[in-house]
Structure formats: C-alpha cells, structure tokens
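Keep the model open while reading.

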Amino acid sequence: AAQRPLDVRCTKCLSLGDDEAAFLQMLGLSQRDCSTGAELVLIGWVPPAAARTALPFVASLAQAMAARGVGKNVRTDRPCVTGVDLSGEVVASTAHG
C-alpha cells in the first residue's frame, strides 16, 4: 500500500505531478543500472521491503522501454523531487526550477 496519496495529474494537465516525474526518474535510474537510486524513489511510496520486492519488476519495465528507445532522452541535468539525480547521486535541492 502507498504510504501517502500519489500526485498523478489528469491527461489534460500541462505539467507532471511530482510522483509522475519521480516514476520517470526511477525508470531512468534503472535504465542506467542505478538500482540504489531507483529503490530510493520506491521507498518514497512504499515500505522498504516492498520496494526491494518491486525493484526487479521496475528493472524489467525499464529494460523493455529502453529496448524500444523510450526513456533515452530523459533530462539528467536537474534533480527530481526525490532528491536523487539520474546519476544516482543524492542532491540537496529537490526543486524543479
């Protein structure tokens, strides 16, 4: 079960919700073989044991998307809401400025 309500916006919204952006970040981290960073994103949603259980499924989805060229152009020059950038580094800023 989620630890809090997820920020997912309607399809007509011009911007991503924080959790939608974090989901894309998690997939990007997984595509770059940064399982620790992907797990940190998951822990923001579910308990740590559930995150560890879900991680192989996240990796499978990320690999399938990468095989089809999806996610290859994710921006890596700014932190996402989770405080982990796409290199897997923990960053101080969590704003999307």
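A crossing is left-handed if the near helix is turned anticlockwise from the far one by less than a right angle, and right-handed if clockwise. By that rule, H2 passes H3 in a right-handed crossing, whereas the crossing of H1 and H2 is left-handed. The model is predicted.

**Overall layout**

- The chain has 3 helices and 0 strands.
- Along the sequence, the pattern reads α-α-α.
- The chain holds 97 residues, and buried residues make up 31% of them.
- Take the contacts between residues at least 6 apart in sequence: 47% of these join residues at least 24 apart.

**H1 against H2**

- The axes of H1 and H2 are 8 Å apart, and the packing angle is about 155°.
- Angles over 145 degrees count as roughly antiparallel, and H1 is therefore roughly antiparallel to H2.
- On the H1 side, the contact uses Ala 22, Gln 25, Met 26, Leu 29 and Ser 30.
- On the H2 side, Gly 37, Ala 38, Val 41 and Leu 42 meet them.
- By class, this contact of H1 with H2 has 6 nonpolar and 3 polar residues, with no charged ones.

**H2 against H3**

- H2 spans residues 35-43 and H3 spans residues 48-67.
- These two helices pack at about 125°, with axes 9 Å apart.
- H2 and H3 are therefore oblique to each other.
- H2 contributes Ser 35, Ala 38, Glu 39, Leu 42 and Ile 43 to the contact.
- H3 contributes Pro 48, Ala 51, Arg 52, Ala 54, Leu 55 and Val 58.
- The contact of H2 with H3 divides by class into 8 nonpolar, 1 polar and 2 charged residues.

**H1 against H3**

- H1 and H3 pack at an angle of about 80°, and their axes are 8 Å apart.
- The range from 65 to 115 degrees counts as roughly perpendicular, and H1 and H3 are therefore roughly perpendicular to each other.
- Phe 23, Met 26, Leu 27, Ser 30 and Gln 31 form the H1 side of the contact.
- Facing them in H3 are Val 58, Ala 59, Leu 61, Ala 62, Met 65 and Ala 66.
- The contact of H1 with H3 has 9 nonpolar and 2 polar residues, and no charged residues.

**The nonpolar core**

- The largest nonpolar core has 14 residues.
- Within this core, Met 26, Leu 29, Ala 38, Val 41, Leu 42, Trp 45 and Val 58 touch the most other members.
- H1 (18-31), H2 and H3 are the elements that give two or more residues to the core.

**Buried residues of H2**

- Which residues of H2 are buried? They are Gly 37, Ala 38, Glu 39, Val 41 and Leu 42.
- Their cover includes H1 and H3.
- An α-helix has 3.6 residues a turn, so residues three or four places apart point the same way.

**Leu 42**

- Leu 42 lies in helix H2.
- Its relative accessibility is 8%, so Leu 42 counts as buried.
- Setting aside residues up to four places away in sequence, Leu 42 touches Met 26, Ala 51, Ala 54, Leu 55 and Val 58.
- Leu 42 and Ala 54 are 12 residues apart in sequence. Their C-alpha atoms are 8.2 Å apart in space.

**Ser 30**

- Ser 30 belongs to helix H1.
- Is Ser 30 buried or exposed? Ser 30 counts as buried because its relative accessibility is 12%, and buried means under 20%.
- Ser 30 touches Ala 38, Val 58, Ala 59 and Ala 62, with residues up to four places away in sequence not counted.
- Ser 30 takes part in the contact of H1 with H2 and also in the contact of H1 with H3.

**Asp 33**

- Asp 33 sits in the loop between H1 and H2.
- Asp 33 is not a glycine, yet it has a positive phi of about 60°.
- Asp 33 counts as exposed because its relative accessibility is 69%, and exposed means over 50%.

How values were computed:
Residues are numbered from 1 along each chain as its sequence is written. This is a predicted model: local features need pLDDT of at least 70, side-chain atom pairs count only at pLDDT 80 or more; totals for chains, interfaces and linings use all residues. Side-chain values use heavy atoms; hydrogens and water are left out. Axes are lines fitted to C-alpha atoms, for helices over the stretch in contact, and angles run from 0 to 180 degrees between N-to-C directions. Helices (H or I, at least four residues) and strands (E, at least two) are DSSP runs, numbered from the N terminus. Angles under 35 degrees count as roughly parallel, over 145 as roughly antiparallel, 65 to 115 as roughly perpendicular and the rest as oblique. Contact means heavy atoms within 4.5 Å. Ala, Val, Leu, Ile, Met, Phe, Trp, Tyr, Cys and Pro count as nonpolar, Asp, Glu, Lys and Arg as charged, and the others, Gly among them, as polar. A nonpolar core is a set of buried Ala, Val, Leu, Ile, Met, Phe, Trp, Tyr and Cys residues joined through side-chain atoms within 4.5 Å. Buried means under 20% relative accessible area, exposed over 50%, partly exposed in between (1.4 Å probe, protein chains only).
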